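Trainee: I have a model open and would like to learn how to read it. Can you walk me through it, feature by feature?

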Amino acid sequence: MKLAHRHTVQAWLFLTPALLLLAAFSFWPVGYGSVLAFTDYSLIRETRFVGLDNFRYIFNNEMFVSGLKNSLMFLLMVPFVQVGAIVLAVLVNNRLPGIRLFRAAFYVPVVTTVSVVGIMWGFMFHEQGALNYVMMTLKLVNAPVGWLTNDSLALFAVMFVTLWRGLGWYMVMYLAALQSIPSDMQEAAMLDGANRWQRFWKITVPMLRPTIMLCSILSVLAALKAYQEVDVLTQGGPMNSTFTALYYAYDQGLKHLKLPRALAASFVVSLFCIAIALLCLRYLKPKHR
């Protein structure tokens, strides 16, 4: 018993520095910011409790409502990210010459900074850029397409860049899960006459369900918190068509110094993140656990 107690104390001692950092830079800011969302907080005057006034304001604000819809639109890319990552993981899980090079190439966007990504894709999406040049050369379009200047296309262009950046990260997670599946299960299924497609659906997919659940939750949270790509590529334009809920919080808090409204918007985004993460936990939870 004493040994178990000593191991518990040692574990808490190892965790203490990380917990202190989380408390100082995560738990406290989130908790205090949530409280300030219900006030008229200002740096130069006394703070008063105003209840739900900030929430009424943002939900009556067309820009925030539009931004919230755009944030929810980002959820459309979650299935594409997950399916694409699984397909890539299955492909790069084969032992082929140069496969490590392909793995590294798919992972490069993950470690590339957002500013570099913005410059590169800004050039690609420009009306005189590489994408329009290729499409016009192949006679797919007759005139340059305004990928970032057309309010009907800009949001989808930003969503594509977000998908492109995240694909390699989830591919690595699925690859690790694939390599942890016992090979004897595959061999037993082959002896029973199961083809590759049957082995994939009956063995691989069920064994991947914990990873699918984790990656789905992470990609849902990333989609709802989309901000960096918007800031680098469009700054919310054209005509506010790429405003997201989190970009609205940034715009109100840092550009216009309306901190309570920004905190209220962040609070709403957090509630959506929690709610959708709970739905993912409920419906994607592995049945065998």
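Predicted model: local features only at pLDDT ≥ 70, side-chain atom pairs only at ≥ 80, totals over all residues.

Trainee: How does one look for a pocket?

Mentor: Rolling a probe the size of a water molecule over the atoms shows where empty space is left. Here the largest pocket holds about 860 Å³ of space. Its lining is made of 21 residues, and Val 90, Asn 93, Asn 94, Gln 186 and Thr 204 are the closest to its centre.

Trainee: Which helices each supply at least two residues of that lining?

Mentor: Look at α4 (77–92), α8 (154–179), α9 (183–191) and α10 (196–224). The largest share comes from α10, with five residues.

Trainee: What classes of residue make up the lining of the largest pocket?

Mentor: Ten are nonpolar, six are polar and five are charged.

Trainee: What is the volume of the second largest pocket?

Mentor: About 440 Å³. This second largest pocket is lined by 19 residues; Thr 162, Arg 165, Gly 166, Ala 222 and Glu 229 are the closest to its centre. Two or more lining residues come from each of α4, α8, α10 and α11 (228–233).

Trainee: Which element gives the most to the lining of the second largest pocket?

Mentor: That is α8, with six residues. By class, the lining of the second largest pocket has twelve nonpolar, four polar and three charged residues.

Trainee: Let me try a single residue. Where is Val 161, and is Val 161 buried or exposed?

Mentor: Val 161 sits in helix α8. Its relative accessible area is 1%, under the 20% cut-off, so Val 161 counts as buried.

Trainee: Which residues are in contact with Val 161, beyond its sequence neighbours?

Mentor: Skip the neighbours within four places in sequence. That leaves Val 117, Trp 121, Phe 125, Glu 229 and Leu 233 in contact with Val 161. Glu 229 is also one of the residues closest to the centre of the second largest pocket.

Trainee: And how far apart in space are Val 161 and Asp 251?

Mentor: Compare sequence separation with distance. Val 161 and Asp 251 are 90 residues apart in sequence, and their C-alpha atoms are 21 Å apart. For another pair, take Cys 280 and Ser 216: 64 residues apart in sequence, 7.2 Å from C-alpha to C-alpha.

Trainee: What surrounds Cys 280, leaving aside its neighbours within four places in sequence?

Mentor: Cys 280 lies in helix α13 (residues 259–284). Its contacts are Met 213, Ile 217, Val 220 and Lys 285. Cys 280 is buried, at 11% relative accessible area.

Trainee: How many disulfides are there in the whole structure?

Mentor: Check the sulfur atoms. The search finds zero disulfides. Cys 273 is in none, and its nearest cysteine sulfur, on Cys 280, is 11 Å away.

Trainee: Is Cys 273 buried or exposed?

Mentor: Cys 273 is buried, with 9% relative accessibility.

Terms used. Residues numbered from 1 in each chain as written. Heavy atoms only, no water. 1 Å grid on protein atoms, 1.4 Å probe; cavity = no way out; pocket = protein on both sides within 12 Å on 5 of 7 lines; lining within 4 Å. Points joined across faces, edges and corners; volume = space filled by probe spheres on them. Helix = DSSP H or I, 4+ residues; strand = E, 2+ residues; numbered from the N terminus. Nonpolar A, V, L, I, M, F, W, Y, C, P; charged D, E, K, R; others polar. Buried < 20%, exposed > 50% of the residue type's maximum accessible area, 1.4 Å probe, protein only. Contact = heavy atoms within 4.5 Å. Disulfide = S-S within 2.5 Å.
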